[in-house]
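Good morning, and thank you for making time for this presentation.

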Amino acid sequence: MARIEFKNLGHAYSGNPASLKDYALQPMNMVWEDGGAYALLGPSGCGKSTLLNIISGLLQPSEGQVLFDGRDMTRMATRDRNIAQVFQFPVLYDTMSVFDNLAFPLRNRKIAEREVQARVREIAEMLDLTRDLKQRAAGLSADAKQKISLGRGLVRKDVAAILFDEPLTVIDPHMKWELRQKLKEIHHQLKLTLIYVTHDQVEALTFADEVVVMTEGKVVQQGKPEALFLRPDHTFVGYFIGSPGMNFCPVRLEGDAVLLGQQRLQIEAAQLQALKNSNGELKLGIRPEFVELAAPGATGAVSAEITQVQHLGTSQLVTAQFEGMSVKARLSPEMKIATGNQWLRLAKPETIYFSNDERIGR
Ligand SMILES: Nc1ncnc2c1ncn2[C@@H]1O[C@H](COP(=O)(O)OP(=O)(O)OP(=O)(O)O)[C@@H](O)[C@H]1O
């Protein structure tokens, strides 16, 4: 396994970008630690496949370098990079048995047959494929075939990294959950460097130790799932992670007063200072999980109109309007909540402030 490093790495398919907008991947520095389990998360078209293909060597970046353990691999062919890749759809030999499919990457590298036998059985056991080893791949379901593709990705011990490109797309929802758990377990057992591409936040947050969030060709945050939830660096992370995502309200300063529309909001002194120090477009961000009902005129609260209360079993999802803005609150299922006028506390220690969409302050 290897530590993978990007040095000023960027890619523009046109070859001559005039501005940052022209990059599929904006120039960046980044490190993927040896043995780390990473998820690369972002919406369609944000540059995930471009990044993965640069690591595997299917694509040469238009600028910068890719290093494996300090060695420059930027111009190295795919076959010399020692990367295993698992795609959305099964890639295997239908006429071969499951065993031979799993053994293929090892036999191809002239690994001793005794070692092949042992390793294939080990991986088959991990993926619950032991019973199917003698079967021909052709007769198996799409789920089972994709498990074999995962096994083929995991079977070699000597790879620099394993790249998964939305590998659970064809798997049915129940088994998806099981396989995600399996991959996590396998990672802990084998200590592989894994990069798992997905546009599904649940998949990313359950699989990875570190999540890398991308939008419009840019990595906007790399961090542990809790950090993405509690301290998003960018409004996109607040919006994309969580269900529903973070609430955002534009705020403005008038001297020492923080205004949301016509209402004045009392906030902590340190946060007020951070707002005063920044000169961009300001927004308050709070997760629905942290919004509270408050007494009229309470510190950090605004007067709002509750327009909808949805009972969701383990919580109630409340929609409220004020000053032309809409916010959601996730509240306890036992509370009695009526529609109509109600004060909501939005300024709390958990509240994050953004300037030009980037987090400021604490
Ligand atoms: N071969 C190409 N030539 C020109 N532009 C491309 C090419 N491949 C991708 N792009 C563009 O680069 C940007 C990033 O695409 P990429 O496929 O990396 O995104 P993605 O996040 O993997 O999307 P998806 O989840 O839909 O696969 C997009 O705007 C896309 O249109």
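I begin with strand 8, residues 194–198, which is largely enclosed by the rest of the structure because 5 of its 5 residues are buried. Buried here means that 20 or more other C-beta atoms lie within 10 Å of the residue's own, exposed means 12 or fewer, and partly exposed lies in between, with C-beta atoms placed from the backbone. Strands are DSSP runs of E with at least two residues, helices are runs of H or I with at least four, and both are numbered from the N terminus.

Two conventions apply throughout. This is a predicted model, in which local features need pLDDT of at least 70, side-chain atom pairs count only at pLDDT 80 or more, and totals for chains, interfaces and linings use all residues. Residues are numbered from 1 along each chain as its sequence is written.

To return to strand 8: which residues point one way, and which the other way? Leu 194, Tyr 196 and Thr 198 point one way, Ile 195 and Val 197 point the other way, and all are buried.

Strand 8 has two partners to mention, where pairing requires that DSSP finds at least two bridges between the strands. With strand 3, residues 37–41, strand 8 pairs in the parallel sense over 5 bridges, and Ala 37 stands opposite Leu 194. Strand 7, residues 161–165, also runs parallel to strand 8 and is joined to it by 4 bridges; there, Ile 162 stands opposite Leu 194.

Next, the cores. A nonpolar core is a set of buried Ala, Val, Leu, Ile, Met, Phe, Trp, Tyr and Cys residues joined through C-beta atoms within 7 Å. The largest has 73 residues, and those with the most contacts inside it are Tyr 38, Ala 39, Leu 40, Ala 161, Ile 195 and Tyr 196. A second, separate core has 21 residues, including Ala 304, Ala 320, Ala 329 and Leu 346.

What does Ala 39 touch, not counting residues up to four places away in sequence? The answer is Tyr 196, Thr 198, Ala 204, Phe 207, Ala 208, Val 211 and Val 212, where contact means that the C-beta atoms, placed from the backbone, lie within 7 Å. Glu 185 counts as exposed because it has 11 C-beta neighbours inside 10 Å. Its C-alpha atom is separated by 15 Å from that of Ala 39, 146 residues apart along the chain.

I turn to the ligand. Around it are Tyr 13, Ala 24, Gly 42, Ser 44, Gly 45, Cys 46, Gly 47, Lys 48, Ser 49, Thr 50 and His 199, each counted as near if its C-beta atom, placed from the backbone, lies within 6 Å. This shell divides into 3 nonpolar, 7 polar and 1 charged residues. In that scheme Ala, Val, Leu, Ile, Met, Phe, Trp, Tyr, Cys and Pro are nonpolar, Asp, Glu, Lys and Arg are charged, and the others, Gly among them, are polar.

Helix 1 covers residues 48–56, and its buried residues are Lys 48, Thr 50, Leu 51, Leu 52, Ile 54 and Ile 55. Gly 57 follows helix 1 with a positive phi, near 95 degrees.

Now the domains. The chain is divided into domain 1 (4–239) and domain 2 (245–360), with bounds from an automatic or database domain assignment. Their C-alpha centres lie 38 Å apart. In all, 7 residues of domain 1 are in contact with 10 residues of domain 2. On the domain 1 side, the touching residues divide into 2 nonpolar, 3 polar and 2 charged.

Finally, some backbone details. Most residues other than glycine have a negative phi, and most peptide bonds are trans. Ser 243 and Pro 244, however, are joined by a cis peptide bond, with omega about -5 degrees. Pro 244 is in the loop between helix 8 (235–240) and strand 11 (247–250).

Glu 323, although not a glycine, has a positive phi of about 50 degrees. This residue sits in the loop between strand 18 (316–322) and strand 19 (325–331). Asn 356, also not a glycine, has a positive phi of about 45 degrees, in the loop between strand 21 (352–355) and strand 22 (358–360).

Key
Contact = placed C-beta atoms within 7 Å.
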